Every structure is written in C-alpha cells, then in structure tokens.
Amino acid sequence: MDLHLDRNPHHHIPADFEERSRLWIVSAKNLVTENDPFTYLSIENLMFAERLILQMEKSLARHDGKSPDSHEPLLLKECSAHSILWLCGLYEVTRNLREAKSPKFRVLEGLHKKLEIARMPLAKHQVVRKHKPHYPTSSWSPETGRVGWQVWNPGSNTYEAYVRTDLADEFLEITNANA
C-alpha cells in the first residue's frame, strides 16, 4: 500500500478553476528571468489566493433578484480583505520586475501604475506620492460579487475605480499575450 500522498498542488485544481489556473501558470513561466527567478512562486501564490476570492465573489453575486445570504456582510468583508492583500501581492510582483530591470516589465508598466495608485492608500492610508491621508471607498457589484475601490489619483486629480478581478484579468491578458 502506497502511503505517499501526492503533494503537488497542481494535481488537485478543481475543474471550475482549471482554465484560469492555466493562465496563471503561463504568466508565471513568462515572467521568470535570471534577475528575478522567484517571480514564479509569487505568481503561483496569487493564483491559489485568487481561487478563494473568486469563490467568495460567486457566493456574493446575486442572481435573479434573490435575497442576499444572511452571512453576506461577513463574506463581503472577508472578500474585500483578501482582495486588498491579493492586490498588494500583485503590486509586489510588478515592483520586483521593475527593480530587477526585467525587460518584461515594460508591458506591465501601465498596470503597475494602477496597482501603485490603489495599493498606497490601501496599505499606507495615503495618496501615492502626496503623503496626504486617504483611505479608498470600497465598492461592490451585487450582480458579479466583485469588490473594488474608488481611489484618488493625484496624477489626474480624479477618483478612479479599480476592481480586483479586472486587474487580475488585465495581468493575465498582458502576460499570456504571445504565449
């Protein structure tokens, strides 16, 4: 009897997440460079964290006008908290690529700026590069269950809306291009 458990987490990806996980793995492989070899691990961690966030979003999405679940306020707060931590993780991936002078950062520069604008007030309660107190207004789409934030962008002098899943989709689209 073989008592050795299969410890490869990729062998246990649920069917409803297989397609998305493939996109994450391609992204991870595409971004590894000699100057930043640990990018793969960071992106893999974001993939596993995202799976739980997507499950929460699915539970939060209202379909056909159904009443919200009685646990919705707690689930919404949990989804928002996990989304903030996830956004900080993706910001660190793009920041590390920039600091490693990765040639692959160039295509992520626009996304990095969005992440920077959103992350600074979420993590430090300040507007990016202004050191003025600010905490973004949380947002939630009952139709999709997705959470996001309205954040002050000092570059455009406007509030901008950022949705975690949209930022993830943009990352995956950029990093899977020409794969």
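Visitor: Which hand does the crossing of H3 and H4 have?
Guide: H3 and H4 cross in a left-handed manner; that term applies if the near helix is turned anticlockwise from the far one by less than a right angle, and right-handed applies if clockwise. This is a predicted model, in which local features need pLDDT of at least 70 and side-chain atom pairs count only at pLDDT 80 or more, while totals for chains, interfaces and linings use all residues. Residues are numbered from 1 along each chain as its sequence is written, and side-chain values use heavy atoms, with hydrogens and water left out.

Visitor: At what angle do H3 and H4 pack?
Guide: Helix H3 (residues 72–99) and helix H4 (residues 109–124) pack at about 130 degrees, and their axes are 9 Å apart. That makes H3 oblique to H4; angles under 35 degrees count as roughly parallel, over 145 as roughly antiparallel, 65 to 115 as roughly perpendicular and the rest as oblique.

Visitor: Which residues of H3 meet H4?
Guide: Among them are Leu87, Tyr91 and Arg95 of H3, and the H4 side includes His112, Leu115 and Arg119; contact means heavy atoms within 4.5 Å. By class, the contact of H3 with H4 has nine nonpolar, two polar and four charged residues.

Visitor: And how do H1 and H2 pack?
Guide: The angle between H1 and helix H2 (residues 39–60) is about 160 degrees, with the axes 8 Å apart. H1 is therefore roughly antiparallel to H2. The crossing of H1 past H2 is right-handed. Trp24 and Ile25 are among the H1 residues in the contact, and Ile43 and Leu46 among those of H2.

Visitor: Changing topic, how many aromatic pairs are there?
Guide: The count comes to three aromatic pairs, where rings of Phe, Tyr and Trp (its six-membered ring) pair if their centres lie within 6.5 Å. The ring centres of Trp24 and Trp86 are 6.1 Å apart and the planes are at 80 degrees, so this pair is edge-to-face; planes over 60 degrees apart count as edge-to-face, under 30 as stacked and the rest as tilted. Trp24 lies in helix H1 (residues 18–31) and Trp86 in helix H3, so the pair ties together parts 62 residues apart in sequence.

Visitor: Is Trp24 buried or exposed?
Guide: Trp24 is buried, at 1% relative accessible area, and Trp86 is buried at 2%; buried means under 20%, exposed over 50% and partly exposed in between (1.4 Å probe, protein chains only). Trp24, Trp86 and Phe171 form one aromatic cluster.

Note on methods. Axes fitted to C-alpha atoms, helices over the stretch in contact; angles between N-to-C directions. Helix = DSSP H or I, 4+ residues; strand = E, 2+ residues; numbered from the N terminus. Nonpolar A, V, L, I, M, F, W, Y, C, P; charged D, E, K, R; others polar.
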